[in-house]
Every structure is written in structure tokens, then in C-alpha cells.
Amino acid sequence: MKKDLFCKSLSMWQENGLFYVENDTSCGILSVEPIFFGQGLIIPKFHVEKLSKLYPEQSKDFLSLPETFHEKILNDYKNNLDYLVSFYENLYDNPQTPKSKILASYILNSDQLNEIPIGFNTGINMGKPAGQLINHLHIHYIPRRESDKTNLGFLTAMNKLLNN
Ligand SMILES: [Zn+2]
């Protein structure tokens with residue numbers, strides 16, 4: 001089977017300290033194509049395509065990680081904002097995908113930097129028509145801010161992601 005991008009990247013992320021959060025069987029990384037400052041992906045550390053293929057403990061690891069991710073974002077906003085800023089500066093200098101540079105620039109110049117996200121959305125895209133690009137189960141973590149209030153809800157958040 002041809003390895004997907006996540007399977008190819010997992011060990012590199014681990015070696016380079018790019019796991020933003022992790023537990024025994026899943027990890028979370030900051031997105032390299034961010035629309036939202038602090039946006040992330042939660043990914044099982046092994047190849048799996050469907051939630052139903054995870055054992056109960058693995059499901060718990062996977063499904064609990066967005067909350068852990070959010071807590072770390074809140075903590076970094078309060079205590080370690082430089083780390084988050086340097087992630088996007090790095091992404092701007094060393095773009096990981098063709099879109100990375102312009103999105104990093106957008107993120108760094110947006111007001112999101114100055115506003116702590118007090119909520120979040122999560123979403124799983126299953127299948128190509130749903131916007132799934134990588135055939136390895138993952139959850140999108142989308143931090144949301146009070147100023148998003150004219151644009152509330154999961155569907156508008158996903159729309160923003162899919163249409164960018
Ligand atoms: Zn995979």
C-alpha cells in the first residue's frame with residue numbers, strides 16, 4: 001500500500017519535536033495550512049482509515065486529544081505565545097506546502113494573534129466529497145474566538161477551511 005502523507009511524516013514529526021500534544025496512540029500537530037491561529041490536526045500514530053477500526057482505548061486517546069490540544073493552546077496563549085508565533089514565522093520561512101507561506105502571513109497579520117480562543121470546533125472529513133484529502137483518519141481542531149461571533153458554527157468554520 002502506498003504510504004499517505006501522515007504515515008510518511010509521523011516519525012519525522014516525532015523526531016523534530018513537532019507533536020504539539022500526544023498520548024499513547026494519537027498525536028496532535030499545528031496545521032501547516034492554517035486559516036485559524038492555533039488550528040490543528042489530531043492523528044492516530046498508525047495507519048487507520050475509519051473511527052470504527054480503532055480499539056476502545058485508541059478511540060478514547062483519539063477523541064480526547066482535541067480537548068488536550070485546546071488546553072495547551074489556552075496555556076500557550078497565556079504563558080508561551082512566542083512559541084506559537086515562532087511556529088508561524090518558521091512556516092513562513094520554510095513553507096511545507098504551496099499554500100503555507102501565504103497562510104502563515106495571513107495568520108501572523110490577523111487579529112487572531114491578540115485574541116484568546118475561548119471555544120473550538122472539531123470535524124472529521126470522511127471521503128473526497130466531504131473534503132478529505134488524506135486517507136488517514138484525522139480530526140480538525142478549529143479554535144474559535146469571540147470576534148468570530150458573526151460567523152459562528154461548525155459549518156461556517158468548515159466552509160472557511162474548505163474554500164481556502
Ligand atoms: Zn496513513
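Q: Why does K3 count as exposed?

A: A residue is called buried if 20 or more other C-beta atoms, placed from the backbone, lie within 10 Å of its own, exposed if 12 or fewer, and partly exposed in between. K3 has 11 C-beta neighbours inside 10 Å, so K3 counts as exposed. K3 is found in the segment before helix 1 (5–15); helices (H or I, at least four residues) and strands (E, at least two) are DSSP runs, numbered from the N terminus. This is a predicted model, in which local features need pLDDT of at least 70, side-chain atom pairs count only at pLDDT 80 or more, and totals for chains, interfaces and linings use all residues. Residues are numbered from 1 along each chain as its sequence is written.

Q: How many residues apart in sequence are K3 and H47, and what is their C-alpha to C-alpha distance in space?

A: K3 and H47 are 44 residues apart in sequence, and 8.8 Å separates their C-alpha atoms.

Q: What is the strand order of the open sheet?

A: Two strands pair if DSSP finds at least two bridges between them. Here five strands form an open sheet in the order 1-2-3-5-4, with antiparallel pairing. Strand 1 (21–22) and strand 4 (119–123) are the edge strands, each pairing on one side only.

Q: Over how many bridges do strand 1 and strand 2 pair?

A: Strand 1 pairs with strand 2 (residues 26–30) over two bridges, in the antiparallel sense. E22 stands opposite C27 in strand 2.
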